[in-house]
Amino acid sequence: DTYDRDGLYRGSQVFKQIDDYLPSAANEHAAIFEQQAPVLELYACGLAGRRLQLDVAAEPYTDTETLYLPPRIARFADAAANFNLYKVLITLLWAQGRYGTFHTDIVAACAAYPDPERAINLLSHFETLRLESRIATVLPGVARDLARLRGNTADPRCESLQNPVATVQD
C-alpha cells in the first residue's frame, strides 16, 4: 500500500521495517482505549448516572471516581468482542462502587490470613461472583456477556453470594 501511494523509496523503507509491522498486524483486531474512549465514557456515564473519568493503567481497577482500563485489549480475534470486553470491565468496576466493595478495608481483612496475597486474590474472585449476580438483576445483557467470558464454572459453595442482599462481608 505504501509503495502504491508513495513510491519505491518509501515502500522499500517499509519493507525494511517488517519486524515492526508484524506485531501490529497480529493485533489488528485489538480494541484501543484511545479510539474507543468517547463511546466508553458515554457507557460509563449511563451506568453511573454521572460522569466517571476513564484512564489507562496496566491492570483494570477503580478508585470509585476514575475507572482505569488497559490501553488496548487484544484477547479475541474479533474487534467487536475486544470492545465488548472493555464494556464488561467498565461494568464490573462500576459495580464495585455501586454495590459496596469499598465499604470494607479489604487489605486489612486479608492481612489476618497466613497468605494475605492469596486471600486478596480469593476475595477478589468471590467479590466478582457477587457483583456478577447483582449485575444480572439490572443488566441481563451484560450478565450474559460475563457468563460467556467466565464459562460454566458454577460452584454450589458460592451460592450464598448470589443472594441479592449479599455484601462484601459475606
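Predicted model: local features only at pLDDT ≥ 70, side-chain atom pairs only at ≥ 80, totals over all residues.
A pair of aromatic rings is described by the distance of the centres and the angle of the planes. The structure holds 3 aromatic pairs. One of them joins Tyr61 and Tyr68, whose ring centres lie 4.4 Å apart with 15 degrees between the planes. Because planes under 30 degrees apart count as stacked, the pair of Tyr61 and Tyr68 is assigned to that class. The two residues of this pair are assigned to separate accessibility classes: Tyr61 is partly exposed, with a relative accessible area of 40%, whereas Tyr68, at 16% relative accessibility, counts as buried.

Another pair is formed by Trp94 and Tyr99, with ring centres 5.9 Å apart and planes at 75 degrees, so this pair is edge-to-face. Trp94 counts as buried at 11% relative accessibility, and Tyr99 counts as buried at 14%. An aromatic ring also takes part in a contact with a charged side chain: Lys87 lies over the face of Tyr43, at 5.3 Å from the ring centre.

The largest pocket contains about 590 Å³ of space. Its lining consists of 19 residues, and those nearest the centre of the pocket are Pro60, Leu89, Leu92, Leu93 and Thr128. Two or more lining residues are contributed by each of β3 (61-62), α5 (79-98), α7 (116-138) and α8 (140-150). Of these elements, α5 provides the largest share of the lining, with 6 residues.

Key
Residues numbered from 1 in each chain as written. Heavy atoms only, no water. Phe/Tyr/Trp six-rings, centres within 6.5 Å; stacked < 30°, edge-to-face > 60°. Buried < 20%, exposed > 50% of the residue type's maximum accessible area, 1.4 Å probe, protein only. Lys NZ or Arg CZ within 6 Å of the ring centre and 35° of its normal. 1 Å grid on protein atoms, 1.4 Å probe; cavity = no way out; pocket = protein on both sides within 12 Å on 5 of 7 lines; lining within 4 Å. Points joined across faces, edges and corners; volume = space filled by probe spheres on them. Helix = DSSP H or I, 4+ residues; strand = E, 2+ residues; numbered from the N terminus.
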